[in-house]
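Work through the exercises below with the coordinates open. Each task is followed by a stepwise solution.

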Amino acid sequence: MSRLRRPPARVWGWTAATLGVVVVAVLAWRGADAAAPSSTTADPAVPVGGARAAPVAQAWSAEPGPAAPRRVVESGRVLLTSDDGVAMLDPATGGEAWHYTRANARLCDATAVDGLVVVLFSTGGRCNELTALRADTGDRLWYRSVGFRADATLASTDRVVLAMSPTGLTTVDPTGNNIRWHTPAPEGCRFTAADVGSTGVAALQQCADGDVQAVLLDGFAGTPLWTRDLGVTSAQLVGADRVVDVVVGDDLQVLSPADGSTVQTVALGPDADDPAPQQAGLADAAVVWLRGTAYVLDAATGAVRWSVPALGLPSTGTGKGDPTSVVVPEDGAFVTRDLTTGTETARSTTTDEVPAGGRTSVVGPSVVVASADLVAAFR
């Protein structure tokens, strides 16, 4: 009988290397999007028509997780976040249509745009995974690894998802998984706010012992378009749709998308520690809500067409609804007003409390209001 010979040292080396690759692959898989998800899918939502009732009541409500996105209505469903994922709800009943959660990850943020829900997860210290799900069915479209900071948040507009943190801005193509561009904050500076809209990516940046600067970058290329020194050490970015708006003291400054010059200054009421201001675009107007008032600004001149006391941002239909009117959440009613004149054309009264500082969306006969603390539907 021949004796068994000990394998050469190089065989042991190959074996150890192979086992190492396998271990690394298993650990990567366990921490990746492919592992530990709980997900369901659904048939696309059936469009529901019909006018809103004259009196409406709260049909359902739900509390969002810490990451409460501003845009929640997409493809006839309502986005709800939790600590570990997202779910899409039926706007009429609040029943779950589909969900996607991760047992091994923390949800950093989510946004709904272009028929998709884009979710940002953290499996460690950083927010390191992006996943896109079809808003109507919950089917996964794409996934990619990223290296965003732990405090990164998302915002979106047509064909652009913005990931932002104090040290940098990054845009992602929502219908693909490619990073369009990344720009770091200038040396010695930090971004204090950022948003994306039809004008591009607007941000406020502040350097050590310096005044706040407003900057605008092209949403697709990242090219710097202009920088404007605001002459103050504190300011608030409202939005970047149609025009760029910032709050300086007790004034709303409307900045030109062309060069950053101030085209209008609107005197505001006192700051009552209200929720964060909001802005959206519709047709040839910018719709703004801040300090308890809704303003409709002309996109060409920045002039205020009309304003009314309001509980939150009026519905703009995210560009897919009626381009001639908005639905304003007012005290005790949802009021439809002409976009140009502000004339009331319809009213749905309610005795139920409307979430303060929310963003209003209309889905068939339902009105959905999403705030940082509550998502509620009225019908």
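**Exercise 1.** What is the torsion about the S-S bond of Cys-108 and Cys-127, and is the disulfide left-handed or right-handed?

Solution. Start with the ground rules. This is a predicted model: local features need pLDDT of at least 70, side-chain atom pairs count only at pLDDT 80 or more, and totals for chains, interfaces and linings use all residues. Residues are numbered from 1 along each chain as its sequence is written, and side-chain values use heavy atoms, with hydrogens and water left out.

Step 1: find the bond. A disulfide here is a pair of cysteine sulfur atoms within 2.5 Å. The sulfur atoms of Cys-108 and Cys-127 lie 2.1 Å apart, and the two residues form a disulfide.

Step 2: read the torsion. It is about -100° for Cys-108 and Cys-127, so this disulfide is left-handed.

Step 3: Strands are DSSP runs (E, at least two residues), numbered from the N terminus. Cys-108 sits in strand β7 (residues 106-113) and Cys-127 in strand β9 (residues 127-134), 19 residues apart, so the pair links distant parts of the chain.

Step 4: check burial. Buried means under 20% relative accessible area, exposed over 50%, partly exposed in between (1.4 Å probe, protein chains only). Cys-108 is buried at 10%. Cys-127 is buried too, at 0%.

**Exercise 2.** Which residue does Cys-189 join through a disulfide?

Solution. Step 1: the partner is Cys-207, with S to S 1.8 Å.

Step 1: the angle about this S-S bond is 85°, and the link of Cys-189 and Cys-207 is right-handed.

Step 2: Cys-189 belongs to strand β15 (residues 189-197), Cys-207 to strand β16 (residues 200-207). They are 18 residues apart.

Step 3: Cys-189 is buried, at 15%. Cys-207 is partly exposed, at 29%.

Step 4: tally. The count comes to two disulfides. With bonded cysteines counted along the chain, the pattern is 1-2, 3-4.

**Exercise 3.** How many residues of strand β23 are buried?

Solution. Step 1: five of the five residues of β23 (residues 278-282) are buried.

Step 1: sort by side. In a regular strand the side chains alternate between the two faces of the sheet. Gln-278, Ala-280 and Leu-282 point one way from β23; Gln-279 and Gly-281 point the other way.

Step 2: find the neighbour. Strands pair if DSSP finds at least two bridges between them. β23 runs antiparallel to strand β24 (residues 285-290), joined by five bridges. Gly-281 has Ala-286 in β24 as its bridge partner.

Step 3: inspect the turn. The hairpin of β23 and β24 has two residues between the strands, and Ala-283 takes a positive phi near 50°.

**Exercise 4.** What is the strand order in the open sheet of three strands?

Solution. Step 1: the order is β27-β28-β29, with antiparallel pairing.

Step 1: β27 (325-330) and β29 (344-349) are the edge strands, each pairing on one side only.

Step 2: β27 pairs with β28 (residues 333-338) over six bridges. Phe-334 in β28 is the bridge partner of Pro-329.

Definitions and conventions:
Helix = DSSP H or I, 4+ residues; strand = E, 2+ residues; numbered from the N terminus.
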